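Let's take a walk through this model together, with the coordinates open beside the text. Keep your viewer ready to pick out side chains as we go.

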Amino acid sequence: MRKIGIMGGTFNPIHVGHLMLAQWAMEEQDLDEIWFIPTGYSYMKEEQNVVSPEDRFQMVLLAVADNDRMCCLDVEIKREGYTYSYETIEQLKKEYPEDEFYFIFGADCLFAIETWRCPEKIFANCRVIAAGRGGASEKQMREKIEELEVKYGADIIMMPFPSLAISSTLIRERVREGKNVRYLVPDLVADYIEGKRFYENEG
Ligand code: NAP
């Protein structure tokens, strides 16, 4: 049985915060591999300026190319219509029944997950690793975890993680302002963004 960490995300674009979270979870929770899964079309992000699923997938591929314990799956970008995490987790469980899946995510997802489609099916098919960013929010996270465990029988691991004020929004803003995003994203991703002139004219 392998222990597989799932890093789902819009990744618009992927940045060092995502990569560091994945690496951290792999080491702290003794995972064998990390599978990045870029979202297809999200009903929650319809209004926002999100580059195509294929391009976000390409950027993740480039970001993990030099790490043989990380890979990027196209299961969500290939799915018709909106994508829901519970479908992805169910699909993975069916295809890889021997493996144990750990859905890795940050604090915001922990508080939002009940607004997602069928959270009970997510909790039934995987464990969750929630990255705690320390400070005052830690108490609230612990309370939320307890609530989800009681309500859904969820199995959630709170993983302390250094607070990194890096986000995809920050990257997009810097590109729009004509600033360099080197060291915030892998070099190959920075080149891809520049080559495709993404985020330069966002409204
Ligand atoms: P994202 O913005 O690309 O971020 C991916 C993950 O990285 C999130 O968990 C995020 O934590 C974390 N992260 C980003 N920057 C970080 C930093 N500096 N330090 C620590 N963690 C950081 O992806 P997203 O749009 O939130 O989507 C995340 C997952 O939720 C995806 O798998 C998506 O499919 C799923 N989702 C599912 C549904 C549904 O099924 N209905 C609805 C919405 C989202 P935060 O949570 O703290 O931002």
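What follows looks at a pocket and then at salt bridges.

A word on the ground rules: this is a predicted model, in which local features need pLDDT of at least 70 and side-chain atom pairs count only at pLDDT 80 or more, while totals for chains, interfaces and linings use all residues. Residues are numbered from 1 along each chain as its sequence is written, and side-chain values use heavy atoms, with hydrogens and water left out.

Let's begin with the second largest pocket, whose volume is about 230 Å³. Here a pocket is an open set of points on a 1 Å grid over the protein atoms alone, where a 1.4 Å probe fits, with protein on both sides within 12 Å along at least five of seven lines; lining residues have an atom within 4 Å of a point. The volume is the space filled by probe spheres set on the points, which are joined across faces, edges and corners. Among the residues lining this pocket are V175, K179, R182, D187, I193 and E200. Which helix gives the most to the lining of the second largest pocket? That is helix α8 (residues 187-196), with five residues; helices are DSSP runs (H or I, at least four residues), numbered from the N terminus. By class, the lining has six charged residues (Asp, Glu, Lys and Arg), four nonpolar ones (Ala, Val, Leu, Ile, Met, Phe, Trp, Tyr, Cys and Pro count here) and two polar ones (the others, Gly among them).

Two of the lining residues, D187 and R182, also meet through their side chains in a salt bridge (3.3 Å, N to O). The term means a side-chain nitrogen of Lys or Arg within 4 Å of a carboxyl oxygen of Asp or Glu. D187 is partly exposed at 37% relative accessible area, and R182 is partly exposed at 44% (buried means under 20%, exposed over 50%, partly exposed in between, with a 1.4 Å probe and protein chains only). Elsewhere, salt bridges that share partners join E114, K144, E147 and K151 into one network.

The structure holds 14 salt bridges. One of them pairs the side chains of K196 and D55 (3.4 Å, N to O). This pair links distant parts of the chain, 141 residues apart: K196 sits in helix α8 and D55 in helix α2 (residues 53-64). K196 is partly exposed, at 44% relative accessibility, whereas D55 is buried, at 14%. In another salt bridge, E87 meets R79 (3.4 Å, N to O); E87 is partly exposed at 26%, and R79 is buried at 18%.

Terms used:
Helix = DSSP H or I, 4+ residues; strand = E, 2+ residues; numbered from the N terminus.
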